[in-house]
Amino acid sequence: MASTRRKRTSRPGRRPAAGRGRPSLLLIGLAAGFVLLPALLWLGDAVTRPAIGGPFSLVAGDGRTVTDRDLRGRFLLIYFGYTNCPDVCPTTLAEVSAALDRLGPLADRVQPVLITVDPERDTPAVLAPYAAAFSPRLIGLTGSPAAIADVEREYRVYAAIRRTGGRPGAYSVDHSSVLYLMAPDGGLVAQLPADAKAPVLAAELRRRIS
Ligand code: NI
């Protein structure tokens, strides 16, 4: 048998045939890989991609720890921003406050939350009066840089320090601007555009929390 096999493989005409077979198999394998690999990657990503939101443990204006579990039972309207923000944050928070005022009693179902993207400067003592100036309903939350980085990651928030001078504290924070409406059980209901005016925002909220 061994001699026959040797004889066959050494026969001149066999090699091209084997050679023809191998590349076609290789091509099929490659083609399947091109189709399957992205499909598998997509599937894997869909399965492993974390949903928006998640557990957090932050610090409120009175210095008390507030976790996501403490805030369950009502809708949360979460905005990530910072007190030194020159334009977008104050505008957004003013519209949020006005929108909640328009909701009347329905507003009691929504807890607005400002989570700082500037934990270095936004201490509880800084954040609390800032939030209160927009609305007595608004809770400002801060925390350690690590805790803030964690919650930013969970909500897929973009935030990056941009230096504006040499002195410490001379910086602004570029950040994404999204309103996250979270369900009473902590799941995401919707991401609302932060540039929406109060009447639009109120209508959107009424539709989703009624
Ligand atoms: Ni801002």
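These questions and answers cover salt bridges in a predicted model.

Local features need pLDDT of at least 70 and side-chain atom pairs count only at pLDDT 80 or more, while totals for chains, interfaces and linings use all residues. Residues are numbered from 1 along each chain as its sequence is written, and side-chain values use heavy atoms, with hydrogens and water left out.

User: How many salt bridges does a search of the whole structure find?
Analyst: A salt bridge here is a side-chain nitrogen of Lys or Arg within 4 Å of a carboxyl oxygen of Asp or Glu. Searching the whole structure with that criterion gives a count of 9.

User: How many residues apart in sequence are the parts that Asp108 and Arg137 tie together?
Analyst: The two side chains form a salt bridge, N to O 3.9 Å. Asp108 sits in the loop between helix H3 (88–103) and strand S4 (110–116), and Arg137 in the loop between helix H4 (124–134) and strand S5 (139–141). Helices (H or I, at least four residues) and strands (E, at least two) are DSSP runs, numbered from the N terminus. The pair therefore links parts whose separation in sequence is 29 residues.

User: Which residue forms a salt bridge with Arg208?
Analyst: The closest N and O atoms of this pair are 2.9 Å apart. Both residues lie in helix H6, 4 residues apart, so about one helical turn separates them. The partner is Glu204.

User: Is Arg207 buried or exposed?
Analyst: Buried means under 20% relative accessible area, exposed over 50%, partly exposed in between (1.4 Å probe, protein chains only). Arg207 has 56% relative accessibility, so the class is exposed.
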